[in-house]
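Open the model in your viewer and keep the selection panel at hand.

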Amino acid sequence: MQYANVNGIKSSPSPKLKGKCYCCGSEVIAKCGSFKIWHWTHKDLKSCDPWWENETEWHRQWKNSFPKENQEIVHFDQKTREKHIADVKTNNGVVIEFQNSPMSIEELESRESFYGNMIWIINGSKFKNRFFIYDKLPKPDSVIFKDHIFQKRTNLSAGGFYTKPLNYEGKIVRPIYPIREIEKEIERDYRGHHLYHWSNPREVWLKSKKRVFIDFGEEELFELFIYKEYLRCIFKWNKEMFINRAIRASR
């Protein structure tokens, strides 16, 4: 944990400092070593929140992008009396969870059910070399491409392709064309959607019912997206713009 209750003040760890856990109220001590990032840990070495994972520099950088008062917020279910610590919770009630380690589908479903209004940001550094982003797509509500059906190929060098209906001697047929033939036309209606290929994907994130954003450590975030309800794609977000919008929601 980055914060503990020290005499009623939300405080970062400092050598020899002691505090109380905001979730369970038990004593926590400051760990201020030379190798790991400074953090608070329970004195009895047992975390009160089974969903809490060891915090990395990646977690810390993301959380510090948001106001202190919106970080590490205890989320409490009045009916079940269950408590968990949300990484970030905006003032309008959106929980943002930053996930670095793998997760089971059971835990994913539990956390999404518990938090309700939430989004995921996951660390994609470990599978970055297996995630390929290629052809652009027009915006889903494009009038120009409303009759087109876009698809991707497993052979990435060939890119994606599309079909469109044609009247051929009184019959409607759908010839297949490569997307590269209409790249200039797509550019005019492009908003950030791309085809992608994820080799050996982490299936749990494809089953999420919440919005999932992948952080590859670049200037952009990549949201997993369903294009026109039939095609998996990603949507590119400018990371700085995303953070600024989220911060405005926290004020």
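Start inside: the structure holds two cavities of 30 Å³ or more. A cavity here is a set of points, on a 1 Å grid over the protein atoms alone, where a 1.4 Å probe fits but cannot get out; lining residues have an atom within 4 Å of a point. Grid points are joined across faces, edges and corners, and a volume is the space filled by probe spheres set on the points.

This is a predicted model: local features need pLDDT of at least 70, side-chain atom pairs count only at pLDDT 80 or more, and totals for chains, interfaces and linings use all residues. Residues are numbered from 1 along each chain as its sequence is written, and side-chain values use heavy atoms, with hydrogens and water left out.

**Cavities**

Select Trp-51, Trp-52, Glu-53, Asp-87 and Glu-97. Of the 13 lining residues, these lie nearest the centre of the largest cavity. Its volume is about 100 Å³. Strand 7 (83–89), strand 8 and helix 2 each give two or more residues to this lining. Strand 8 gives the most, with three. Helices (H or I, at least four residues) and strands (E, at least two) are DSSP runs, numbered from the N terminus. The lining divides into five nonpolar, two polar and six charged residues. Ala, Val, Leu, Ile, Met, Phe, Trp, Tyr, Cys and Pro count as nonpolar, Asp, Glu, Lys and Arg as charged, and the others, Gly among them, as polar.

Next, select Met-1, Tyr-3, Tyr-22, Cys-23, Glu-72, Val-74 and Ile-85, which line the second largest cavity. Its volume is about 50 Å³. Six of its lining residues are nonpolar, none polar and one charged.

**Glu-97**

Go back to Glu-97, in strand 8 (residues 95–99). Is Glu-97 buried or exposed? Glu-97 counts as buried because its relative accessibility is 3%; buried means under 20% relative accessible area, exposed over 50%, partly exposed in between (1.4 Å probe, protein chains only). Its side chain reaches the backbone nitrogen of Asp-87 at 2.8 Å. Beyond four places in sequence, Glu-97 touches residues including Arg-111, Tyr-115 and Trp-120. Contact means heavy atoms within 4.5 Å.

**Core**

Centre on Trp-120. Trp-120, Phe-131, Trp-198, Trp-205, Ile-214 and Leu-224 have the most contacts inside the largest nonpolar core, which has 23 residues. Such a core is a set of buried Ala, Val, Leu, Ile, Met, Phe, Trp, Tyr and Cys residues joined through side-chain atoms within 4.5 Å. Another core, of 16 residues, lies apart from it; Phe-98, Ile-121, Phe-213 and Phe-242 are among them.

**Pockets**

Now select His-39, Trp-40, Thr-41, Asn-54 and Glu-55, which lie nearest the centre of the largest pocket among its 20 lining residues. A pocket is an open set with protein on both sides within 12 Å along at least five of seven lines. About 500 Å³ of space lies in this one. Strand 5 (residues 39–42) gives the most to its lining, with four residues.

For the second largest pocket, pick Ile-119, Arg-211, Phe-242, Arg-245 and Ala-246, nearest its centre. Its volume is about 240 Å³. Helix 5 gives the most to its lining, with four residues.

**Backbone stops**

Finish with Asn-7, where phi is near 55°, a positive value in a residue other than glycine. Asn-7 is exposed, with a relative accessible area of 78%. Lys-228 also has a positive phi, of about 50°. Lys-228 is partly exposed, at 26%.

Note on methods:
Polar contact = N/O pair within 3.5 Å; in protein donor to acceptor, adjacent residues only side chain to side chain.
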